[in-house]
Amino acid sequence: MPPNVHQNTASVPPTAQFRYYDFVMAAFVTVLLCSNLIGASKAAEITLPMLGTVTFGAGVLFFPISYIFGDVLTEVYGYGRDRRVIWAGFAALLFAALMSAVVLALKPSSDPFNAGYQQHLEAVFGNTPRIVAGSVIAFWCGSFVNSYVMARMKVAMEGRALWMRTIGSTLCGELVDSSLFYVIAFGGIWPNHQLLAVVVAQYLLKTSWEIVMTPVTYRVVAFLKRHEGMDFYDRATDFNPFKLKP
């Protein structure tokens with residue numbers, strides 16, 4: 001049964017009536033937190049054609065999945081409902097940063113195990129305020145750019161060429177995300193040429209994920225549209241990022 005096309009009308013069901021929206025939100029926040037906490041401090045290397053050996057943060061392998069979820073949410077449920085998910089992820093990142101700071105600030109027990117464990121915790125979770133600020137701000141800005149471009153392109157293209165819209169929106173969102181993060185976190189610390197090289201490498205790796213995962217994105221979008229009966233067009237949407245109402 002084909003999905004209904006909703007264009008900001010009163011017939012759109014509330015979020016609570018969707019069967020899978022909450023699951024997609026939970027998956028989005030999980031990927032976001034894990035990619036920022038697990039492997040984010042590890043530098044890995046990969047050899048790429050023409051670029052040679054590239055050093056990158058290990059978390060970058062999974063963080064782009066959050067953009068895929070963002071594309072799916074905007075495509076199926078619309079910008080307004082993706083906006084709520086972005087704010088949920090933003091709040092989760094802030095809480096994780098606060099919790100990390102508090103746990104690290106607590107004095108460890110004097111036994112040898114906890115003394116050594118404190119050092120490991122600091123190595124993994126002891127990000128500087130600039131890195132934390134860069135991560136949170138870059139995510140917020142990049143995600144909203146991604147969702148906005150995705151929504152606008154869908155209306156302009158009348159829902160055609162999903163692959164072009166997912167890749168195009170990710171190119172814009174990831175550009176903002178990668179640029180902001182590294183400038184905020186490492187601007188004035190790393191040489192400008194090194195900063196630019198890392199931004200370019202991270203950008204290429206992140207956007208390549210979107211291209212590779214395009215067939216999966218198509219399947220997920222088709223599944224959700226079919227089972228939710230929803231195919232939202234943001235023709236009259238208020239794109240103010242500070243509103244929470246869909």
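**Exercise 1. Overall fold**

Buried residues make up 42% of the 246 residues in this protein, which is shown as a predicted model. Determine how many helices and strands the protein has, and in which pattern they follow one another.

*Solution.* Begin with the count: the protein has eight helices and four strands. Next, read along the sequence, where the pattern is β-α-β-β-α-α-α-α-α-α-α-β. Then turn to the contacts with a separation of 6 or more: residues 24 or more positions apart account for 79% of them. Finally, consider the surface: the protein exposes about 12900 Å², of which carbon and sulfur atoms supply 69%.

**Exercise 2. Helices α7 and α8**

Classify the packing of α7 against α8 and describe the contact by residue class.

*Solution.* Helix α7 spans residues 192-212 and helix α8 residues 214-228; their axes are 5 Å apart, at an angle of about 55°. On the α7 side, the contact involves Glu-210, Ile-211 and Val-212, which meet Thr-214, Pro-215 and Thr-217 of α8. By class, this contact has three nonpolar, two polar and one charged residues.

**Exercise 3. A lysine in α7**

Decide whether Lys-206 is buried or exposed, and name residues that it touches.

*Solution.* Lys-206 is found in helix α7. Its relative accessible area is 7%; because buried means under 20%, Lys-206 counts as buried. Leaving aside residues up to four places away in sequence, Lys-206 touches Val-60, Phe-63, Pro-64, Glu-174, Asp-177 and Ser-178.

**Exercise 4. Two aromatic pairs**

The structure holds 21 aromatic pairs. Classify the pair of Tyr-21 and Tyr-77, then that of Trp-140 and Phe-242.

*Solution.* A pair of aromatic rings is described by the distance of the centres and the angle of the planes. For Tyr-21 and Tyr-77 these values are 5.2 Å and 80°, and the pair is edge-to-face. Tyr-21 lies in helix α1 and Tyr-77 in helix α2, 56 residues apart. Tyr-21 is buried at 1% relative accessibility, and Tyr-77 is buried at 0%.

For Trp-140 and Phe-242, the centres are 5.4 Å apart and the planes stand at 35°, so this pair is tilted. Trp-140 belongs to helix α5, whereas Phe-242 lies in the segment after β4, 102 residues apart. Trp-140 is buried at 16%, but Phe-242 is exposed at 58%. Both residues belong to a cluster linked by ring pairs, which also includes Tyr-79, Trp-87, Phe-90, Phe-144, Tyr-148 and Phe-239.

Key. Residues are numbered from 1 along each chain as its sequence is written. This is a predicted model: local features need pLDDT of at least 70, side-chain atom pairs count only at pLDDT 80 or more; totals for chains, interfaces and linings use all residues. Side-chain values use heavy atoms; hydrogens and water are left out. Axes are lines fitted to C-alpha atoms, for helices over the stretch in contact, and angles run from 0 to 180 degrees between N-to-C directions. Helices (H or I, at least four residues) and strands (E, at least two) are DSSP runs, numbered from the N terminus. Angles under 35 degrees count as roughly parallel, over 145 as roughly antiparallel, 65 to 115 as roughly perpendicular and the rest as oblique. Contact means heavy atoms within 4.5 Å. Ala, Val, Leu, Ile, Met, Phe, Trp, Tyr, Cys and Pro count as nonpolar, Asp, Glu, Lys and Arg as charged, and the others, Gly among them, as polar. Buried means under 20% relative accessible area, exposed over 50%, partly exposed in between (1.4 Å probe, protein chains only). Accessible areas come from the Shrake-Rupley method with a 1.4 Å probe; for residues, only the protein chains shown count as cover. Rings of Phe, Tyr and Trp (its six-membered ring) pair if their centres lie within 6.5 Å; planes under 30 degrees apart count as stacked, over 60 as edge-to-face and the rest as tilted.
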